[in-house]
Amino acid sequence: MGRSPQAVPHPQRVQFRTSGPPPLTSRRYARDLNEVKTVGSATSTVRTTDQTQAAMWWHDRHLAEWEIKRQLATRQRLNVLQAARMFAMVDLAETDATIACYNEKAAWNFWRPVTAIRLADTDGNPETAADPAWTPLLVTPPHPDYTSGRTCFTAASMSALRHVFGRDDIPFSGYSADSGTTRYFRGFSQALAEVVEARVWGGIHTRTADERGAKIGAQVTAYMVAHYFTPRPGSR
């Protein structure tokens with residue numbers, strides 16, 4: 001990821017392959033990079049305290065997802081079978097989406113903001129400028145930017161939960177020891193919308209990587225619902 005990554009896809013065709021990240025010389029790439037450069041910097045003056053906390057909350061490797069699923073199972077009064085089905089559906093969606101996402105990462109091998117910003121004078125885009133001293137708010141994970149694993153994972157889980165309960169507007173919350181905060185959500189789509197922003201606020205992903213990751217997660221869940229969790233003939 002230290003080189004300029006003019007993307008070349010892996011020859012293997014896969015089910016959830018995207019068209020790839022924007023070209024380095026495109027306006028969209030410049031918008032993405034300049035956005036994360038401004039709001040995702042460790043010393044950003046435009047990122048709010050709540051945005052900083054959100055970035056840290058969503059970056060917590062311990063995740064709040066188990067707490068959230070237990071909370072939903074309890075508050076929605078699921079019986080043992082319903083709870084088991086919910087956990088199975090969400091876990092399978094998350095796993096399959098993560099596999100699809102990392103397939104994208106390997107195919108496109110696109111550099112992270114910390115590298116792209118420091119080497120912006122090599123990208124051939126007149127709308128970007130290098131900052132060799134730029135540092136993100138969060139520690140950059142050691143794998144490519146495109147697509148975002150966290151948005152893939154979260155889109156899969158949130159869309160699976162929306163399918164399980166048949167509605168979006170179920171409130172839930174989760175605590176993160178990393179941020180020392182509890183975040184509250186009105187529903188599943190609100191949580192997904194926040195994680196897309198939070199990865200940019202943390203300085204570790206471009207917006208396109210987040211949005212395409214979320215799209216993969218939703219596609220994986222839609223496929224799973226149609227093929228893996230259909231009722232058996234005659235079942236009630």
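Let's start with a cysteine: Cys152 is buried, at a relative accessible area of 0%. Bear in mind throughout that this is a predicted model.

**The cysteine pair**

Cys101 is buried too, and its relative accessible area is likewise 0%. What separates the sulfur of Cys101 from a bond with Cys152? The gap is 3.4 Å, which is too far for a bond, although Cys152 holds the closest cysteine sulfur. A disulfide would need the two sulfur atoms within 2.5 Å.

**The nonpolar core**

In the largest nonpolar core there are 56 residues, and those touching the most other members are Leu72, Leu161, Phe172 and Phe188. Two or more residues each come from α1, α2, α3, α4, α5 (113-118), α6, α7 and α8 (207-227). Helix α4 supplies the largest share, 11 residues. Leu161 shows how such a member is surrounded: beyond its neighbours within four places in sequence, Leu161 is in contact with Leu72, Met86, Val90 and Phe188.

Helix α2 spans residues 49-59, and its buried residues are Gln51, Thr52, Ala54, Ala55, Trp57, Trp58 and His59. Their cover includes helices α1 (27-39), α3 (65-75), α6 (149-165) and α7 (188-201), along with strands β1 (172-176) and β2 (181-185).

The loop between α2 and α3 contains Ala64. Is Ala64 buried or exposed? Its relative accessibility is 10%, so Ala64 counts as buried. Leaving out residues up to four places away in sequence, Ala64 touches Trp57, Gly174 and Tyr175. Ala64 and Leu78 lie 14 residues apart in sequence, and their C-alpha atoms are 20 Å apart in space.

**A buried lysine**

Lys105 sits in helix α4 (residues 80-108). Lys105 is buried yet has no salt bridge, and Asp145, the nearest side chain of opposite charge, is 6.6 Å away. A salt bridge would call for a separation within 4 Å. The side chain of Lys105 does make a polar contact of 3.3 Å with that of His143. Apart from residues up to four places away in sequence, Lys105 touches Arg112, His143, Pro144, Asp145, Tyr146, Thr147, Gly149 and His205.

Here are the pair distances mentioned above.

| Pair | Distance |
|---|---|
| Cys101 and Cys152, sulfur to sulfur | 3.4 Å |
| Lys105 and His143, side-chain polar contact | 3.3 Å |
| Lys105 and Asp145, side chains of opposite charge | 6.6 Å |
| Ala64 and Leu78, C-alpha to C-alpha | 20 Å |

Definitions and conventions:
Residues are numbered from 1 along each chain as its sequence is written. This is a predicted model: local features need pLDDT of at least 70, side-chain atom pairs count only at pLDDT 80 or more; totals for chains, interfaces and linings use all residues. Side-chain values use heavy atoms; hydrogens and water are left out. Helices (H or I, at least four residues) and strands (E, at least two) are DSSP runs, numbered from the N terminus. Buried means under 20% relative accessible area, exposed over 50%, partly exposed in between (1.4 Å probe, protein chains only). Lys and Arg count as positive and Asp and Glu as negative; His and the chain ends are not counted. A polar contact is a pair of N or O atoms within 3.5 Å; within protein, one must be able to donate a hydrogen and the other to accept it, and residues adjacent in sequence count only if both atoms are side-chain atoms. Contact means heavy atoms within 4.5 Å. A nonpolar core is a set of buried Ala, Val, Leu, Ile, Met, Phe, Trp, Tyr and Cys residues joined through side-chain atoms within 4.5 Å.
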